[in-house]
Amino acid sequence: MPDIDIEAARSDPKLANVVYHDWEAASYDDKWSISFDERCIDYARDRFAKIAGTDGWPYGDALEIGAGTGFFLLNLKQAGVLDRGTVTDISPGMVEAALRSANALGFGDTVTGRVVDAEGLPFDDASFDLVVGHAVLHHIPDVDLALREVLRVLRPGGRFVFAGEPTRWGDAVARRLSHATWLAATSLRHVPGLRSWVRPAAELTESSQAAALEWLVDLHTFAPADLRGVAVRAGAIDVDVATEELTAAWFGWPVRTLECALAPDRLGVRWAYFAFNSWKRLMAVDGLAARVVPQALFYNALVTGVRPGEPVRL
């Protein structure tokens with residue numbers, strides 16, 4: 001990991017986001033089990049349909065802010081949600097990674113990329129039919145300003161969809177579960193016969209440094225009403241907010257932490273299938289629980305809204 005001026009990053013959240021995500025770009029897909037196959041295509045499509053339905057597919061011109069390695073937009077394109085896309089991020093490393101993935105998928109002619117600040121999008125008014133983002137709003141210092149920019153670049157009748165935003169209660173629980181899992185997993189290096197299960201000390205130190213920066217780039221958590229309010233203040237209509245992942249988050253975050261702490265060759269393919277299938281089953285349980293459990297207790301929040309005016313498709 002490169003030398004980082006933590007104090008400078010602490011006082012400049014945008015700098016922290018650039019540095020952290022540039023460093024993460026090369027390993028981000030592995031860390032979060034991101035792929036561009038049926039598993040993640042289904043996940044991205046289902047998240048979109050859950051909050052925004054399937055009307056209007058395919059959208060013509062789509063923009064993703066905080067695209068990272070392109071997980072959301074590229075998988076939505078594969079799912080038939082959009083025709084043409086622009087991936088953007090404040091991190092040059094992430095934009096490069098997203099464009100590599102786009103080219104590998106054969107989207108070189110229909111997906112472009114730019115390094116941009118979500119609080120000042122360098123696009124003309126009414127440029128896009130759709131704006132999306134996944135796990136991005138909680139990284140942006142001024143979420144209100146960013147949503148106003150989103151509404152500005154949408155064409156009348158255009159829609160935005162943001163998913164994967166942490167709720168206050170869900171994030172608090174996830175962090176505690178992750179911390180306990182990290183302590184338990186890394187303690188195995190002190191147990192004879194199990195030391196080889198833990199990542200080498202140098203990798204664990206690097207992970208700890210990364211975690212220190214992660215605290216700096218995760219700026220917000222949201223109550224569902226927060227997201228509804230920011231969308232309405234930005235000028236959106238037809239605003240809707242949903243939440244998901246309760247028991248799935250209680251299971252998923254310890255699993256992700258365990259995978260970071262243990263040596264990769266110790267878990268294998270059977271573990272990956274177990275983890276994913278278990279998460280899917282718990283998501284189904286959570287879908288039933290949503291009928292009686294308050295929205296605020298779930299981990300992930302999704303929000304959508306529409307720019308007022310008669311739809312214009314080019």
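Biologist: Is D125 buried, partly exposed or exposed?
Modeller: Start with the cut-offs. Buried means under 20% relative accessible area, exposed means over 50%, and partly exposed lies in between (1.4 Å probe, protein chains only). D125 has a relative accessible area of 51% and is exposed. A word on sources: this is a predicted model, where local features need pLDDT of at least 70, side-chain atom pairs count only at pLDDT 80 or more, and totals for chains, interfaces and linings use all residues. Residues are numbered from 1 along each chain as its sequence is written, and side-chain values use heavy atoms, with hydrogens and water left out.

Biologist: Which side chain does D125 meet in a salt bridge?
Modeller: General idea: side chains of opposite charge can pair when their charged atoms come close. A salt bridge is a side-chain nitrogen of Lys or Arg within 4 Å of a carboxyl oxygen of Asp or Glu. Here D125 meets R152, at 2.8 Å from N to O. The pair links distant parts of the chain, 27 residues apart: D125 sits in the loop between β3 (111–115) and β4, and R152 in helix α7. R152 counts as partly exposed, at 22% relative accessibility.

Biologist: How are helices and strands assigned?
Modeller: They are DSSP runs, numbered from the N terminus: helices are H or I with at least four residues, strands are E with at least two. The protein chain has 12 helices and 7 strands. The radius of gyration is 19 Å, close to the 20 Å from the globule rule for 314 residues, so the chain is as compact as a globular protein of that length. That radius is taken over C-alpha atoms, and the rule is 2.2 Å times the number of residues to the power 0.38. The C-alpha trace spans about 70 × 45 × 40 Å along its principal axes. Of the 314 residues, 47% count as buried.

Biologist: Which residues of helix α7 are buried?
Modeller: The helix covers residues 143–153, and V143, A146, L147, E149, V150, L151 and V153 are buried. Next, ask what they touch. Contact means heavy atoms within 4.5 Å. The buried residues of α7 pack against β1 (59–64), β4 (128–134), β5 (154–166), α10 (224–233) and β7 (300–306). Now look at the start of α7. A side-chain oxygen of D142 comes within 3.3 Å of the backbone nitrogen of D144.

Biologist: How many salt bridges does the structure hold?
Modeller: It holds 15. R45 and D42 pair at 2.9 Å, N to O. Both lie in helix α4 (residues 38–52), 3 residues apart, about one turn of the helix. R45 is partly exposed at 27%, and D42 is partly exposed at 24%. R175 and D171 form the other example, with their closest N and O atoms 3.0 Å apart. This pair is 4 residues apart in helix α8 (residues 168–186), about one helical turn. R175 is partly exposed at 23%, whereas D171 is buried at 13%. Salt bridges that share partners also join D61, R84, D129 and R155 into one network.

Biologist: What is the nearest side chain of opposite charge to E245?
Modeller: For E245 the nearest opposite charge is R256, 4.8 Å away. E245 is buried yet has no salt bridge. It is found in the loop between β6 (237–244) and α11 (247–261).

Biologist: With which side chain does E245 make a polar contact?
Modeller: A polar contact is a pair of N or O atoms within 3.5 Å; within protein, one must be able to donate a hydrogen and the other to accept it, and residues adjacent in sequence count only if both atoms are side-chain atoms. E245 makes one with the side chain of W279, at 3.5 Å. Beyond four places in sequence, E245 touches Y43, W279, M283, D286, F298, Y299 and N300.

Biologist: Where is H139 found?
Modeller: In the loop between β4 and α7. H139 is buried, at 15% relative accessibility. A polar atom of its side chain lies 2.7 Å from the backbone oxygen of V217. Leaving aside neighbours within four places in sequence, H139 is in contact with N17, H21, V217, D218 and L219.

Definitions and conventions. Lys and Arg count as positive and Asp and Glu as negative; His and the chain ends are not counted.
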